[in-house]
Amino acid sequence: MKYKMGKLGKHIFMQKYSNINTVLPDTEAATKSNIFNMISKYDSLYLKPDEGTGGRGIYKITKTENGFVLRGGTTSRNYKTFDALYSSLHKFLYKNKYVVQQGIDLLKHDGRSFDIRVMVQKNRNGQLQTTGIIGRLAKPSKIVTNFHSGGTPLKIDTLLKSHLRGADRTNFIKKIKALGREASIVLGESYRRKKAFGVDIAIDSNMKPWILEINTGPDMSIFNSLKDKTMYRKILRYSRF
């Protein structure tokens, strides 16, 4: 039986590759000591189910001057101490396998955070190629950008307009596409039978890209939401190979 890796397993596997390990956010099993050590190091953290997609069950912890804020869905709660925060987390961490990930200060468009989905598929010859790239703009009150959690799909060019001009923007998009392909080649070493990968990439306020996670059964419907169907048609064509 083929071993199925969750988010942590994929992270540990990809960390061994020097070409991408510098763009992987710090990710650990969500134990009390790991959460404590990481919140001492970073301003914010994300708690994600080890397995699961669509942005469900994700929480964000943010450090504040007088404690911590825990956000999930559209609700937020304040805690004065780490122990108080953890006793609240313990309820769902106890039941489900979670990972804790370094929070990335996401780039914004119109005051809303966004990230990027890069679609990578095998061509006729079984080689991986980038076939699509799309931005996902978070709902004003949400901590996740996922399409199924109310995120708005937008052309990547639109989202980057206020951050980069002309050739700089074109080159940056090329770099993101190449990174998506590179990451898929790495993970493809473990998932040799998979024909498509959906790479979620965040860009921080210093314009550094980060690979948040890679889906091995990516949803193609988000690309169909764009007015221009060229990318979607290409993805469908490749999915037949």
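## Helix crossing, ring pairs and loops

Trainee: Is the crossing of α2 and α3 right-handed or left-handed?
Mentor: Helices are DSSP runs of H or I with at least four residues, strands are runs of E with at least two, and both are numbered from the N terminus. A crossing is right-handed if the near helix is turned clockwise from the far one by less than a right angle, and left-handed if anticlockwise. The crossing of α2 and α3 is right-handed.

Trainee: What kind of model is this, and what pLDDT do its local features need?
Mentor: Residues are numbered from 1 along each chain as its sequence is written, and side-chain values use heavy atoms, leaving out hydrogens and water. This is a predicted model, in which totals for chains, interfaces and linings use all residues, side-chain atom pairs count only at pLDDT 80 or more, and local features need pLDDT of at least 70.

Trainee: How are α2 and α3 oriented to each other?
Mentor: Axes are lines fitted to C-alpha atoms over the stretch in contact, with angles from 0 to 180 degrees between N-to-C directions. The axes of α2 (residues 32-41) and α3 (residues 82-93) come within 11 Å and cross at roughly 135°. Angles under 35 degrees count as roughly parallel, over 145 as roughly antiparallel, 65 to 115 as roughly perpendicular and the rest as oblique. The two helices, α2 and α3, are therefore oblique.

Trainee: Which ring residues are linked into a cluster?
Mentor: Rings of Phe, Tyr and Trp (its six-membered ring) pair if their centres lie within 6.5 Å, and the structure holds 7 aromatic pairs. Ring pairs make a cluster of Phe36, Phe68, Phe82 and Tyr86.

Trainee: Is Leu24 buried or exposed?
Mentor: Leu24 lies in the loop between α1 (7-14) and β1 (27-29). Setting aside residues up to four places away in sequence, Leu24 is in contact (heavy atoms within 4.5 Å) with His11, Met14, Gln15, Trp210 and Ile211. Buried means under 20% relative accessible area, exposed over 50% and partly exposed in between, with a 1.4 Å probe and protein chains only. At a relative accessible area of 9%, Leu24 is buried.

Trainee: What is the phi of Asp110, and where does Asp110 lie?
Mentor: Most residues other than glycine have a negative phi. Asp110, which is exposed with a relative accessible area of 68%, lies in the loop between β7 (108-109) and β8 (112-122). Although Asp110 is not a glycine, its phi is positive, near 55°.

Key:
Phe/Tyr/Trp six-rings, centres within 6.5 Å; stacked < 30°, edge-to-face > 60°.
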